[in-house]
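Open the model in your viewer and keep the sequence panel beside it. This tour goes stop by stop, from the whole chain to single side chains.

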Amino acid sequence: GSPKSDDDPADSVNPPLPKQAEVNEEEDAEWTMDCSEEAVRARLQDLTDGAKNLTLSEDADKTEKERMDIFYTEVKKKLETNNLEGAQAAKEVLAAAERLDVKSKAPLVLAELLFDEKIHIQIKKFRYLFLRFSHNDTKAQKALIGGIEQIIALHKDSLLPKVPALLKLLYDTDILEEKVLLDWGAKVSKKYVPKDLSTEIHQRAEPFLTWLKEAEEEDESSEEDDLEIEYNDRVQPTPQKPVAVNKPVAASVPAEEEGDDLD
């Protein structure tokens, strides 16, 4: 056969696309978005995560004082809008402290914002929030004691007589651990308040600290008795009756200074 002419109808049916048209088709495919609800949510989450990471990066460049100031502002705003009570609020405040890398020192800010001469009521009111910070964090517990010392300094006349009862309330509500309290009681410090005031606070705390030490010693003694009784049960036909051990009486803390009588 003869060669095809330039006007072969086969070429005119599907003419080759110009290169620019091919590029445009690729761009259209690239920018076609899935508009389903799940896809939209996923994109919003990506944007939110990106914003969080950006904020985290910006916060990391700040000094500790600047980060503490940011935390103070955020907590104060929540307090002013009555948004500091409950599990969700506590979770959000903790997240802010962790984002700013100030969790262990945050109780200083919380004490400043949440406590005054009615601290015995406020400890109970914001117990869940303080537990979020103090649980298994001895540094946070020590910072909280420091914050409370500063509150006592502001309200000496009303709060100094109530020091043992306040410490017992913090212990009974599991906000402060026994070891942290005993370690604090063993040494006067001028880290948060003047040394003379710190000395007076420690002196006022003596009835509670004595009670706490006795309770600790009694617990250790009871454990030893239990071990001895268990051993005797194995080697003797008639088990010995455990000897009843009286727990130290909390009355060594003056009655008027108990947590419920602080009004």
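What percentage of the 263 residues of the protein chain count as buried? The answer is 32%, where buried means under 20% relative accessible area, exposed over 50%, and partly exposed in between (1.4 Å probe, protein chains only).

Some ground rules. This is a predicted model, in which local features need pLDDT of at least 70, side-chain atom pairs count only at pLDDT 80 or more, and totals for chains, interfaces and linings use all residues. Residues are numbered from 1 along each chain as its sequence is written, and side-chain values use heavy atoms, with hydrogens and water left out.

**Whole chain**

Switch to cartoon. The protein chain has 13 helices and zero strands. Helices (H or I, at least four residues) and strands (E, at least two) are DSSP runs, numbered from the N terminus. Now show the surface. Its accessible area is about 17,400 Å², and 51% of that belongs to carbon and sulfur atoms. Such areas come from the Shrake-Rupley method with a 1.4 Å probe; for residues, only the protein chains shown count as cover. Next, contacts, meaning heavy atoms within 4.5 Å. Among those in the protein chain with a separation of 6 or more, 74% join residues 24 or more positions apart.

**Salt bridges**

The whole structure holds ten salt bridges. The criterion is a side-chain nitrogen of Lys or Arg within 4 Å of a carboxyl oxygen of Asp or Glu. Visit three of them.

Select Glu92 and Lys78. Their closest N and O atoms are 2.5 Å apart. Glu92 sits in helix 5 (residues 87-99) and Lys78 in helix 4 (residues 64-80), 14 residues apart. Glu92 is partly exposed because its relative accessibility is 33%. Lys78, at 17%, counts as buried.

Move to Lys103 and Asp137. This salt bridge spans 2.9 Å, N to O. Lys103 lies in the loop between helix 5 and helix 6 (106-114), Asp137 in the loop between helix 8 (127-134) and helix 9 (138-154), so the pair ties together parts 34 residues apart in sequence. Are these two residues buried or exposed? Both Lys103 and Asp137 are buried.

Now pick Asp172 and Lys168. The closest N and O atoms of this salt bridge are 2.8 Å apart. Both residues belong to helix 11 (residues 163-172), four residues apart, about one turn of the helix. Asp172 is partly exposed at 44% relative accessibility, while Lys168 is buried at 10%.

**Helix 8**

Select helix 8 and show side chains. Which of its residues are buried? They are Leu129, Phe130, Leu131, Phe133 and Ser134. Their cover includes helix 4, helix 5, helix 6 and helix 9. Step past the end of helix 8 to Asn136, where phi is positive, near 60°.

**Leu160**

Go to the loop between helix 10 (156-159) and helix 11, and select Leu160. With a relative accessible area of 5%, Leu160 is buried. Beyond its neighbours within four places in sequence, Leu160 contacts Ile152, His155, Leu197, Glu200, Ile201 and Arg204. Draw a distance from Leu160 to Arg204: the C-alpha atoms are 7.1 Å apart, across 44 residues of chain.

**Last stop: a charged patch**

Select Glu214, Glu217, Asp219 and Glu220. They gather in a patch of negative charge on the surface. Patch members have over 30% relative accessible area and no salt bridge; like charges are joined within 9 Å, nonpolar side chains (Val, Leu, Ile, Met, Phe, Trp, Tyr) within 5 Å. Glu217 is found in helix 13 (residues 195-235), and its 51% relative accessibility makes Glu217 exposed.

Methods:
Lys and Arg count as positive and Asp and Glu as negative; His and the chain ends are not counted. The place of a charge is taken as NZ of Lys, CZ of Arg, CG of Asp or CD of Glu.
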